[in-house]
Amino acid sequence: MGLAKPKQHRPRLRKQNASAISVREQVLADFGAFQQSGRWNPNPSGKLGDERDRRLYTQLLQGLARHHRLLEAVVQERLHRGIHLDPKVAATLALGVFELLHMERIPAHATLNELVGGVRQQLGIAPSRLVNGVLRNLQRDLETDKPVPGEQPLAVRTSHPDWMVERWMQNYGTEQAVRICEANNRFAGITICPGLGLNGRALQQLLAEEGVQAPPHPRVPEALLVEQSAGLWETRAYEEGRFWVQDTSSQVITHLLAERLEGSVLDVCAAPGGKSLGLVRNGVRVQAVCDLSTRRMRRGRNNFERCQVPCPPLLVADGTTLPLPTGSVDAVLLDVPCSATGTIRKNPDIKWTRSATELLKWLPLQSQLLHEAARVVRPGGVIAYATCSLELEENVRQVQSFLEEMPKFVLEPWSISKPLPTAWAGWETREGVWHMLPDDTTMGFYAAFLRCVE
Ligand SMILES: C[S@@+](CC[C@H](N)C(=O)[O-])C[C@H]1O[C@@H](n2cnc3c(N)ncnc32)[C@H](O)[C@@H]1O
């Protein structure tokens with residue numbers, strides 16, 4: 001299926017030629033480093049002084065990571081077969097195609113001038129002619145409404161590895177796999193949660209006074225949506241800890257936990273403490289925040305301090321050997337390490353940093369963490385097992401195996417005692433687990449509520 005570019009008026013970009021070229025150079029350097037090392041390490045703040053440049057950098061770099069396979073296909077459609085591209089030329093072409101397809105506000109001539117000029121300076125006349133030829137060809141096709149790209153399979157059209165798409169097709173069926181792949185490419189902002197003593201409306205007002213528009217989330221009442229480019233980190237509201245960033249799914253889960261849990265909660269695999277913050281905000285007593293990583297726990301402590309939320313005891317410990325007596329805990333929130341494929345909307349690099357052979361490497365650890373949580377939970381207590389994975393092995397099947405091995409635990413539907421808000425319809429499955437798949441309003445998330453009945 002082709003993706004014809006809608007014709008739109010392109011406002012002139014502010015006087016940015018001088019700085020934009022350095023933004024693009026930085027993007028190309030960092031994307032090149034990512035391709036070589038497999039490590040995703042974007043860092044606009046260390047390199048680009050101006051906030052608007054940093055925003056452009058993030059948009060362009062994320063765009064390359066999100067659409068890279070498609071961008072390459074669009075380039076290939078315009079090259080003679082068998083041409084070998086220098087990696088720098090290939091990356092420049094991908095960036096040019098991304099800008100022409102997705103950056104409405106950058107005039108096409110600015111993209112062409114700067115990218116072609118950059119290649120001419122660095123690599124010489126011949127490669128710059130090639131870049132010019134490919135980008136002009138694309139520009140013509142877009143102007144004449146020719147479908148771009150031409151016919152391409154789902155994995156290319158939505159820029160995912162073949163093996164990942166095949167896995168989702170097998171696990172969810174073709175229609176759902178298409179929805180997942182398309183949703184993964186539609187990330188448009190971040191979700192924030194109001195701090196202690198604030199509601200969504202009051203926070204929206206505070207941010208509006210500082211020039212940041214943050215409309216309410218369509219499905220989660222207290223959450224607000226902010227476009228990534230909104231200068232949020234420069235606000236007084238951020239400095240004063242009036243909000244923190246928390247995905248929709250985490251906000252929903254902490255809300256549900258607050259409603260359902262009795263007694264206090266041990267948050268295991270907790271750093272940097274996002275869900276603990278949400279729990280405390282919703283009035284839950286958190287017995288301890290536990291994680292193996294001292295570094296991530298330090299970030300957690302800073303988060304609590306910045307947001308002026310009373311920090312529960314911090315416990316740096318291995319969740320597979322907790323320093324707690326058997327049967328001593330009311331509830332465990334276990335937000336295990338996982339493949340994180342549910343977060344591709346926000347972290348598009350995951351498409352390229354995961355491999356088919358390593359995707360499920362966390363399975364044994366997840367199982368050990370579950371069994372240790374089962375040891376410390378008291379009779380009548382619960383484990384909330386959560387992942388941000390779309391892989392059934394890490395969620396549905398992990399829980400099935402646990403229940404087979406531990407018959408004294410049963411799966412308890414989240415909505416057992418209270419009807420769910422209608423806006424959340426479809427997020428809880430008939431089996432009684434919380435299985436959110438990526439769409440326009442959320443990332444992928446899974447949570448099962450396991451009660452110890454003996
Ligand atoms: C999905 S993240 C947790 C996110 C956190 N719950 C939040 O909401 O901010 C998984 C965490 O598991 C921790 N972890 C990994 N292995 C662990 C282990 N054996 N014991 C305890 N924590 C572990 C990692 O350090 C990481 O912080």
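Student: How many bridges join β5 to strand β6 (residues 314-316)?
Tutor: This is a predicted model: local features need pLDDT of at least 70, side-chain atom pairs count only at pLDDT 80 or more, and totals for chains, interfaces and linings use all residues. Numbering starts from 1 along each chain as its sequence is written. Helices (H or I, at least four residues) and strands (E, at least two) are DSSP runs numbered from the N terminus, and two strands pair if DSSP finds at least two bridges between them. β5 and β6 run parallel, and the bridges joining them number 3.

Student: Which residue in β6 does Val289 stand opposite?
Tutor: The chain passes from β5 through helix α14 (residues 294-306) to β6 in a right-handed β-α-β crossover. Right-handed means that, with the strands pointing away from the viewer, the path from the first strand over the helix to the second runs clockwise. In β6, the residue opposite Val289 is Leu314.

Student: Which residue in β5 is the bridge partner of Ser264?
Tutor: Strand β4 (residues 264-268) and β5 pair in the parallel sense over 5 bridges. Ser264 has as its partner Arg285.

Student: How many of the 7 residues of strand β5 (residues 285-291) are buried?
Tutor: Buried means 20 or more other C-beta atoms within 10 Å of a residue's own; exposed means 12 or fewer, partly exposed lies in between, and C-beta atoms are placed from the backbone. β5 is mostly covered. Its count of buried residues is 5.

Student: What is the omega of the peptide bond between Ala271 and Pro272?
Tutor: Pro272 lies in the loop between β4 and α13. The bond joining Ala271 and Pro272 is cis, with omega about 5°.

Student: What is omega for the bond from Val148 to Pro149?
Tutor: Pro149 sits in the loop between α6 (125-143) and α7 (154-157). This peptide bond is also cis. Omega is near -5°.

Student: Is Ala340 buried or exposed?
Tutor: Ala340 is in the loop between β7 (329-335) and α15 (350-353). Its phi is near 60°, a positive value in a residue other than glycine. There are 21 C-beta neighbours inside 10 Å, so Ala340 counts as buried.

Student: How many other C-beta atoms lie within 10 Å of Gln308?
Tutor: Gln308 is in the loop between α14 and β6. Phi of Gln308 is positive too, near 50°. Gln308 is partly exposed, because the count of other C-beta atoms within 10 Å is 13.

Student: What radius of gyration does the protein chain have?
Tutor: The radius is taken over C-alpha atoms, and the globule rule is 2.2 Å times the number of residues to the power 0.38. For 454 residues, a compact globule would have a value near 22 Å. The chain agrees with that, at 24 Å.
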